[in-house]
Each structure stands twice: as structure tokens, then as C-alpha cells.
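We will go from one residue to the next and look around at each stop.

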Amino acid sequence: MTIVNQSTPTFPVHDVPITRPFIWLGRGWSDIRSNPAPSLAYGWLVASMGALVLAYFHHPVYVAATIVAYLFVGPVITAGVCELSRRRDHGEKASFQTSLTGLSVSRRSLCLFAGLLLLLAAVWFTLAALLLYMTSGAIAPEITATLWGDVVNQLSRAQLLVYSLALATLAGVVFAVSVVTVPMIVDRHVDVGTAVSTSLRTTVRNWAALMLWALLVVALVVFGFATWMLGMILIVPLLGHATWHAYRDIVEEE
């Protein structure tokens with residue numbers, strides 16, 4: 001049975017130092033070391049998905065489809081890792097199976113949040129495609145021309161600029177609405193609106209620390225791709241656990 005609070009309280013948030021993200025990563029690493037098997041299992045799942053990006057990185061349509069697919073399952077993966085951290089904080093048994101059991105309590109809110117991310121992605125990619133179509137008459141090179149070639153060399157300068165800006169904007173918006181959303185849903189079973197609004201207030205109030213956090217996330221994800229996804233086996237749970245500790249640091253108790 002899904003449990004979602006009916007009220008929409010305003011949860012206070014407080015300031016953290018700009019260097020706080022390093023503390024979150026340190027605590028995330030401690031969570032992995034204390035219980036590596038279930039954490040790394042989530043990393044392996046995402047690394048397997050990421051292999052699809054590398055396999056079909058020859059055309060923007062494939063890349064967009066893969067990103068959309070990850071936005072759908074990403075909150076579930078993050079929630080599973082956060083549930084492991086939550087159980088450790090409360091001295092409860094933490095295993096891959098128990099983390100999945102915990103997810104069932106918040107499945108409705110997590111699915112709604114995933115739907116919100118999908119909607120954001122669809123809007124951004126559609127606007128980018130319309131802009132390219134109106135200005136150049138084509139949204140991307142032919143699939144047959146890029147299937148075995150370098151997509152960057154096949155894209156026009158306008159196409160490359162528009163898609164890069166679309167991806168950067170989408171990443172910024174997704175980051176702002178999800179800083180503490182998933183761990184808050186997992187921990188307090190709040191509705192999506194309450195969690196997202198808290199995340200946005202957190203981003204505004206702690207923009208300096210969260211800018212550093214975003215840069216660290218990007219750097220670690222880039223490293224994961226540079227290692228042909230092998231690094232993601234460790235990076236995904238590390239970021240998931242760190243997200244939990246960011247939430248615990250910033251969002252005050254009622």
C-alpha cells in the first residue's frame with residue numbers, strides 16, 4: 001500500500017559551507033565500504049544501461065532516447081541507494097532485497113517524479129528540434145550517415161550548438177528539481193510537489209555549494225564514461241549515498 005502524506009508542509013532548509021559536497025562524498029564512500037554488495041549492484045545496473053549509450057552514440061535520436069530512458073529509471077536507482085543509507089542510519093538491515101521492499105512504499109511518488117523528468121526532457125528536445133527545423137530545415141543528419149561514423153563531424157554547427165545548449169539546460173533543470181527530491185520521498189513519503197519545491201529552495205539557498213556539487217557530479221560521470229562505464233559501478237552508488245547525506249545535511253527536521 002502506497003503511503004503519501006496528504007498535507008503539503010514547508011520543510012525548512014539551512015545553509016551549508018561551499019566545501020560541504022566533499023563531506024557528502026566521504027560519507028557516501030563510508031556507506032559503500034560498510035555494505036558494498038547491494039550498493040555495487042545498483043552501480044552494475046546503471047553501468048549496463050550506460051553501455052547502450054556507448055553502443056548507440058552515433059546519432060542524436062539514439063542519444064536522446066537513451067537519456068529519456070535513464071530519466072525514467074534514474075529516480076528508482078537513486079531511491080534504492082538512498083534506502084540503503086537510510087537503513088544504515090537507523091540501524092536496520094540493509095540488503096539489495098530490503099532496499100527494493102522499501103521502494104514499494106514510495107513507488108507512486110517516485111513514478112510521478114520520473115514522469116516529471118520525462119516531460120521536461122520531451123519538452124526540451126522537442127523545442128530544440130523545432131528550432132533546428134525552422135532555421136535549417138533538418139533536426140539531425142540522416143541515421144544511415146551517422147550509424148558507423150562520427151556524429152560530431154556529421155552535425156552542422158547550428159545543430160551541435162542547439163543540442164548542446166538543450167542538453168546543458170535540461171541537465172541544469174533536472175539537477176535543480178532533484179537535489180533532495182528522491183531521498184526526501186524515500187525518507188518522509190511526501191508528495192512530489194513538496195519534495196520538488198524543497199529541492200528548488202535548497203538550490204536557491206545553497207547555490208554555491210550545489211554548484212560545486214554539480215561540477216563534482218559531472219566530473220565523476222565523465223570519468224565513468226571515460227572508463228567505458230566500468231567506473232560507473234562505483235560512481236553511481238557513491239553519488240546516490242552522497243545525495244542522501246546532502247539531504248540529511250540541508251533539510252531540517254520538523
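Select aspartate 249 and show what surrounds it: not counting residues up to four places away in sequence, Aspartate 249 touches His14, Val16, Arg20, Trp24 and Arg27, where contact means heavy atoms within 4.5 Å. This is a predicted model, in which local features need pLDDT of at least 70, side-chain atom pairs count only at pLDDT 80 or more, and totals for chains, interfaces and linings use all residues. Residues are numbered from 1 along each chain as its sequence is written, and side-chain values use heavy atoms, with hydrogens and water left out.

Stay on aspartate 249 and draw a distance to tryptophan 24: their side chains make a polar contact at 2.9 Å. A polar contact here is a pair of N or O atoms within 3.5 Å; within protein, one must be able to donate a hydrogen and the other to accept it, and residues adjacent in sequence count only if both atoms are side-chain atoms. Aspartate 249 has a relative accessible area of 12%, so it is buried. Buried means under 20% relative accessible area, exposed over 50%, and partly exposed in between (1.4 Å probe, protein chains only).

Now widen the selection to helix α12, where aspartate 249 lies. Helices (H or I, at least four residues) and strands (E, at least two) are DSSP runs, numbered from the N terminus. Helix α12 is largely enclosed by the rest of the structure, because 16 of its 19 residues are buried. From first C-alpha to last, α12 reaches 26 Å, close to the 27 Å expected at 1.5 Å a residue; the expected span is 1.5 Å times one less than the number of residues.

Next, colour the largest nonpolar core. Such a core is a set of buried Ala, Val, Leu, Ile, Met, Phe, Trp, Tyr and Cys residues joined through side-chain atoms within 4.5 Å. Which of its 52 residues touch the most other members? They are Trp24, Leu25, Phe113, Leu117, Met184, Trp213 and Val251. Helix α12 (residues 232-250) gives this core its largest share, 10 residues. Centre on leucine 117 to see Leu71, Pro75, Val174 and Val177, which it touches, not counting residues up to four places away in sequence.

Move on to glycine 224, in helix α11 (residues 207-226). Glycine 224 is buried, with a relative accessible area of 0%. Leaving aside residues up to four places away in sequence, glycine 224 touches Met229, Leu230, Gly231, Met232 and Ile235. Its C-alpha is separated by 8.9 Å from that of valine 236, 12 residues apart along the chain.

Then pick helix α10 (residues 192-205), whose end C-alpha atoms are 20 Å apart, in agreement with the 20 Å its 14 residues should span. Among the buried residues of α10 are Thr194, Thr198 and Thr202.

Cysteine 82 counts as buried at 0% relative accessibility, whereas cysteine 111 counts as partly exposed at 47%.

Finally, zoom out. The chain has 12 helices and zero strands, and buried residues make up 44% of its 254 residues. Of the contacts with a separation of 6 or more, 80% are between residues 24 or more positions apart.
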